[in-house]
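My plan is to look up a few places and write down what I find.

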Amino acid sequence: MLTGRKCGQSAETDALAGKSIGREEERESPSDLAKAPSGECPPSTAPCQYAYLDHTADVQLHAWGQSLSEALEQLTISLYGYMTTEIERVEPMYTMDFSASGHDLSALVYNMLDNCLYSFSAEPFFIGRVAKVLKLKKPAGNTGEELSAHMRIWGESFDLQKHPPGTEIKAITYSNMQIIRKDGVEEGERKKATGEEAVGWHGRTDIFVIVDI
């Protein structure tokens, strides 16, 4: 799920100024979203903590951070950065909010990237420059509830006159997806762990995702 929000818009006005929208629902036009007020947002641009690794016929995104949230933020910007050769030219004209969930971390990462890719490929053709995870939730106990995340991204609508095109990403894949903690253990091997260790919210995190180009 993704939503548009004017920079500086308070949570109290969300119900009036914006609504949650899915793939089958009407989307806000970029013209309906205000330009970011100077000095109000976005957060400072984080140092680049991602790389592109060669893979047969595809490319592998590798992002890292000192927490799962930070690694996910970097991974999202790496997605946009591959589709333009000059990501630094993207300006924070408005924001898009993205929500995703999954039965495990791999599904959560896949669904979040898929939502971001969709908003780039269709209206409003959004390309992001700065990402911030606002909420990362894990279920308490064996409730059957899925992991979920809510992210806000600052950026603008892609414009060929301004943004040199990079390589088109056609789809996100699960192929050889890896989410690795600082101790070198993949999340898929933590099935018997409990609490924070079961999800890996904190500590050095590396995420590897192969995308179809």
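**Entry 1: a pocket**

I started with the second largest pocket of this predicted model. I counted 19 lining residues, and those nearest the pocket's centre are T45, A46, E73, Q74 and A131. I then looked up the volume of the second largest pocket, which is about 320 Å³.

Which element gives the largest share of the lining? I found that it is α2, with five residues. I also noted that α2 and β5 each bring at least two residues to this lining. Sorting the lining by class, I got nine nonpolar residues, six polar ones and four charged ones.

A46 sits in the loop between α1 and β2. Is A46 buried, partly exposed or exposed? I looked up its relative accessible area, which is 46%, so A46 counts as partly exposed.

Next I checked a distance across the chain. A46 and R129 are 83 residues apart along the chain, and I found 9.8 Å between their C-alpha atoms.

C48 has a relative accessibility of 54%, and it is exposed because the cut-off for that is over 50%. I looked up C48 and S78 as a pair: they are 30 residues apart in sequence, and their C-alpha atoms are 8.8 Å apart in space.

Q49 belongs to the loop between α1 (14–17) and β2 (50–55) as well. Buried or exposed? With a relative accessible area of 18%, Q49 is buried, because it falls under the 20% limit.

I wanted to know what surrounds Q49. Leaving out residues up to four places away in sequence, Q49 touches H62, A63, W64, G65, E70 and Q74. With E70 there is a polar contact, side chain to side chain, at 2.9 Å.

**Entry 2: the nonpolar core**

I moved on to the largest nonpolar core, which has 43 residues. Which members touch the most other members? They are L75, L79, Y80, V109 and V209. I then listed the elements that give two or more residues to this core: β3 (58–67), α2 (68–82), β4 (94–102), α3 (105–121), β5 (126–137), β6 (147–157) and β9 (202–212). As background, I jotted down that nonpolar side chains tend to be buried together in soluble globular proteins.

Setting aside neighbours within four places in sequence, Y80 is in contact with I87, F98, C116, S119, F120, F126, I127, G128 and I153.

**Entry 3: T205**

I found T205 in strand β9. T205 is buried, with a relative accessible area of 1%. A polar atom of the T205 side chain lies 2.9 Å from the backbone oxygen of G203.

I found a cis peptide bond between E123 and P124, with omega at about 10 degrees. P124 is in the loop between α3 and β5.

F125 lies in the loop between α3 and β5 too. Phi of F125 is positive, near 55 degrees, and F125 is not a glycine. At 34% relative accessibility, I put F125 down as partly exposed.

N176 is a residue other than glycine with a positive phi, about 55 degrees. Its place is the loop between β7 (171–172) and β8 (178–181). N176 is partly exposed, at 48% relative accessibility.

**Entry 4: stepping back**

Last, I looked at the chain as a whole. I counted four helices and nine strands in the protein chain. Along the sequence, their order reads β-α-β-β-α-β-α-β-β-β-β-α-β. The protein chain has 213 residues, and 46% of them are buried.

How many of the contacts between residues at least 6 apart in sequence join residues at least 24 apart? I found that 74% of them do.

Key
Residues are numbered from 1 along each chain as its sequence is written. This is a predicted model: local features need pLDDT of at least 70, side-chain atom pairs count only at pLDDT 80 or more; totals for chains, interfaces and linings use all residues. Side-chain values use heavy atoms; hydrogens and water are left out. A nonpolar core is a set of buried Ala, Val, Leu, Ile, Met, Phe, Trp, Tyr and Cys residues joined through side-chain atoms within 4.5 Å. Buried means under 20% relative accessible area, exposed over 50%, partly exposed in between (1.4 Å probe, protein chains only). Contact means heavy atoms within 4.5 Å. On a 1 Å grid over the protein atoms alone, a cavity is a set of points where a 1.4 Å probe fits but cannot get out, and a pocket is an open set with protein on both sides within 12 Å along at least five of seven lines; lining residues have an atom within 4 Å of a point. Grid points are joined across faces, edges and corners, and a volume is the space filled by probe spheres set on the points. Ala, Val, Leu, Ile, Met, Phe, Trp, Tyr, Cys and Pro count as nonpolar, Asp, Glu, Lys and Arg as charged, and the others, Gly among them, as polar. A polar contact is a pair of N or O atoms within 3.5 Å; within protein, one must be able to donate a hydrogen and the other to accept it, and residues adjacent in sequence count only if both atoms are side-chain atoms.
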